[in-house]
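Visitor: Hi, I'd like to walk through this one with you. Can we just go spot by spot?

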Amino acid sequence: MVNFFYELGHGGDLIRLGQRANLRPSELVDFSTNLNPLGPPRWLPSFLAAKLDAIIRYPDPDCAKLVQAIADRFDVRPDQVLVGNGSTELLYTAVRALKKTRALIPAPSYIDYGRAAAAVNLAVDYLPLAEKRGFALDLDALAEAIDPHTVVFIGHPANPTGLLCDSEQLRQVMKRHPQTAFVIDEAFIDFTTGQQSFRQQRPANAVVLYSLTKTFAIAGLRLGCAFAAPSMIDALRRITPPWSVNGLAQLVGIRALADTDYLERTRQFTKEQRSELAQGIGAIPGFEVFEGQANYLLVKCTAGFTAGKLADRLLARGLAVRLCDNYEGLDNRFFRVAVRTPAENEHLVTGLRRAADTTTAPLNKRAKKKPAIMIQGVSSNAGKSVLVAALCRILHQDGIRVAPFKAQNMSLNSHVTRNGEEMGRAQALQARACRVPADVRMNPILLKPHTDKGSQVIVNGKPIATVPFDQYADQHAEMKRITRRAYDSLSSEFDVVVIEGAGSPAEFNLRSRDLVNMETARYAEATVLLVGDIDRGGVFASFLGTMALLAPWEQQLVRGFVINRFRGQRRFLTDAIDPFASLAGRPILGVIPYIRDLGLPEEDSVGFKTDGFGDRRIDGEAVDIAVIDLPHVSNFTDFDPLREEPDVRLRTMRTPDQLGHPDAVVIPGSKNTMADLRHLCDIGWKEALRQLADKTDAWIVGICAGFQMLGTAVTDPTGLESARETEQPGLGLLPVRTRMHPDKTLIRSQGVHLPSQHPVEGYEIHHGLTDQIDAQPAFVREDGAVVGVSSTDGQILGTYLHGVFDRDQFRRWFIDALRRRRGLAPLDRVVARYDLEPPLDRLAQVVREALDMAAIYRALGVQ
């Protein structure tokens, strides 16, 4: 029976390989083709998008600009260069142009050398290379075997061995045999270090082939060139079909040749990964590795089983390798593997180890990860967090055990779990949508910026350091390991994971250290949906622009698009959706309407910091509560319950001239108490608040950092928040004094508000230790600890308790107290209930009706 892999001839036929393994081509990891393991350059997708007009014009048949770019890049004359549709086309063309009668091919070598020779009826002789010498080229034997009628084919480096020949000795052989033609194939020369190319110092009887296809991972474009004497270039050109190199390929070639940084990274990356892969395979009993200098390895099975049987077992696990039994001089014990990324190489080594241990039993398919869907956005504030919450609730309603995940969150809005661990508040809300307890594995890394250049780093719920962003970036590898361990642990306990991205996946300045977008999607093998906010305008352009900036492997992860916050009737989008889907190659999977007054906490402070925060029509009499917008405001969701009350007008203010005549002023939490306190004093808030307290009966309330600021001073003896001073005078409205301390308090609390005797609950997140000098206790925890105080008359109130307004009874008492001071009758009853369950159910209903849930379930593989 003919070997299936032999029938393929070359590597890379993923359609047929996938059919054989009952896998989609995208599910295969292709070690059978030797493309750049870095993938195409980052600039390629956007460059192609910008140059698409080239497809409407005939390309330059002479490739003049590309030829000049090649000549400049390699310091040769343009008349010594011919561009072709890949180096293999030039190989076949060169054999015709050389007009020899015999071909001499070292064996093993690239199989198309023999095919090209046979195509023009050359007699083909093979020069066997000794396995005991690692299949190295024997130049003495070569010199003895050649004659003037011969064309010699030499891979430099060779395929499949990856070995470079001694370029100086080979050059001398060529000079001693000027009538013999030599085709030097340097298709993989860019993957080698210390290379000695024949492009420049090239004897007149040599044709040197060079491939940009392999180097820049552009197999679909096909691009190569030949270097030779001008007379040979003319002969090649005369038999080359016109327009063989398309316009886009020519433009890409010019741009690629200028990217020397990519080439240097390619060489270093290939060298490192080749060495590690060779060590990994070589450590497995039953395999011998022939390590060369290129981006692939030749491997021999030495334990009695064939490479064909091994390849079948690997293919069942989604791993495709290149069998070498159709190489002259090799048999069914040999196979070749490409060098790929560290994770993929590790996956191959694991597969080989398992295959070698089970040579008599079928190898099971590799265990797939749990189904996962990831919501990424074309921008920040596109609605990712809310859409994740919606999908979590929908899947829960459908009886699926589901959990949210966000590898890294940058937010000043945090939540404390039952175990006293800190995580992003958005993931806590998403956990509630799943009706599971919030767990720090859902958000293993939380960054809380305290300045424009630095952040507190919270790992697995605990603060570990406060560092500048550049120092944090240096820890990328360790942070990646942390997030992946958290994901693996979390996903093992649930049927589906709904993952949230951050910002946009197409940000050039962040992609090299991505933890939270496409790298997470690839690791989780997640289906990606891109969401865009149509209310901002330009949503279709944002979708296409984002896709154009993604690398090809990233584009493959995107299953479709979701339009968010659409105002109006869906039928007005009908004429756009189908043409757009055709253009983008992916469908619009939903149009979510603009949902007013959703009643769910926001992910970030964008809404809080807008002038319209809290704006809604107030029918009848209401109290005015004004919140000071601090530069480093945190946990602004403390005020969400107040927004639900019909007799509260809630607003933010930045400067004292916006104060007006409020019934209460609230100073919220802050991630940088010292800096924000100094800011308040510098712009006049200290005097304005003192006058407000002295001349009116308005209440002044401080929460967490706001509570600390109300005191006489805040000291920072260890420089936790400030390197400028160790003490900052407070607003002087409460007789308390706070000392910043490196140990962070993280407690979920229940207690009582003493003046009203109403129960309260929430959580504490703070570094300070506050001495309550002559203050009146106002909030007491169940364990008796005082977590809030007031002035003697109750006008000034401070507490460490985030979420203090969540309890309906206390919130109504607080509002009614303000009503009395304003001369309004108290309502004496709960009017609005702050309950997140009805908004979550409402959100799920709206999103379920708007999304193509059947398509999403198909993508997840969940029935």
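Visitor: Let's start with Cys63: buried or exposed?

Guide: Cys63 is buried, with a relative accessible area of 4%. Keep in mind that this is a predicted model.

Visitor: Where does Cys63 lie?

Guide: Cys63 is in the loop between α3 and α4, and α4 covers 64-74. Its phi is near 50 degrees, a positive value in a residue other than glycine.

Visitor: OK, zooming out. How many helices and strands does the chain have?

Guide: The chain has 29 helices and 38 strands. Its C-alpha atoms fill a box of roughly 110 × 60 × 60 Å along the principal axes.

Visitor: What share of the residues count as buried?

Guide: Of the 863 residues, 58% count as buried. As for contacts with a separation of 6 or more, 73% of them come from residues 24 or more positions apart.

Visitor: Which residues in the largest nonpolar core touch the most other members?

Guide: Those are Ile625, Ile628, Ile667, Leu689, Leu731 and Phe814, in a core of 59 residues. There's a second, separate core of 48 residues, and Val81, Val83, Ala143 and Phe198 are among them.

Visitor: Switching to helix pairs. At what angle do α5 and α6 cross?

Guide: Roughly 40 degrees, and the axes of α5 (residues 87-98) and α6 (residues 111-119) come within 9 Å. That makes α5 oblique to α6. The crossing is right-handed.

Visitor: Which residues meet there?

Guide: From α5, you have Thr88, Leu91, Tyr92 and Val95, and they meet Asp112, Tyr113, Arg115, Ala116 and Ala117 in α6. By class, the residues of this contact divide into 6 nonpolar, 1 polar and 2 charged.

Visitor: What about α12 and α14, how do those axes cross?

Guide: The axes of α12 (residues 260-282) and α14 (residues 342-357) cross at roughly 15 degrees and come within 10 Å. The two helices are therefore roughly parallel to each other, and their crossing is right-handed.

Visitor: And what makes that contact?

Guide: On the α12 side, Phe269, Gln273, Leu277, Gly280 and Ile281; on the α14 side, Pro342, Asn345, Leu348, Val349 and Leu352. That contact has 7 nonpolar, 3 polar and no charged residues.

Visitor: Which residues of α20 are buried?

Guide: In α20 (residues 539-549), Val539, Phe543, Thr546, Met547 and Ala548 are buried. The elements covering them include α3, β23, α21, β24, α22 and β25.

Visitor: Now the prolines. Which residue does a cis peptide bond join to Pro108?

Guide: Ala107, with omega about 10 degrees. Pro108 lies in the loop between β3 and α6. The peptide bond from His156 to Pro157 is cis too, with omega near 10 degrees, and Pro157 lies in the loop between β5 and α8.

Visitor: Last one: where is Pro437 found?

Guide: Pro437 is in the loop between α16 and β19. At 47% relative accessibility, Pro437 counts as partly exposed. Not counting residues up to four places away in sequence, Pro437 touches Arg418, Ala431 and Met442.

Key: Residues are numbered from 1 along each chain as its sequence is written. This is a predicted model: local features need pLDDT of at least 70, side-chain atom pairs count only at pLDDT 80 or more; totals for chains, interfaces and linings use all residues. Side-chain values use heavy atoms; hydrogens and water are left out. Axes are lines fitted to C-alpha atoms, for helices over the stretch in contact, and angles run from 0 to 180 degrees between N-to-C directions. Helices (H or I, at least four residues) and strands (E, at least two) are DSSP runs, numbered from the N terminus. Angles under 35 degrees count as roughly parallel, over 145 as roughly antiparallel, 65 to 115 as roughly perpendicular and the rest as oblique. A crossing is left-handed if the near helix is turned anticlockwise from the far one by less than a right angle, and right-handed if clockwise. Contact means heavy atoms within 4.5 Å. Ala, Val, Leu, Ile, Met, Phe, Trp, Tyr, Cys and Pro count as nonpolar, Asp, Glu, Lys and Arg as charged, and the others, Gly among them, as polar. A nonpolar core is a set of buried Ala, Val, Leu, Ile, Met, Phe, Trp, Tyr and Cys residues joined through side-chain atoms within 4.5 Å. Buried means under 20% relative accessible area, exposed over 50%, partly exposed in between (1.4 Å probe, protein chains only).
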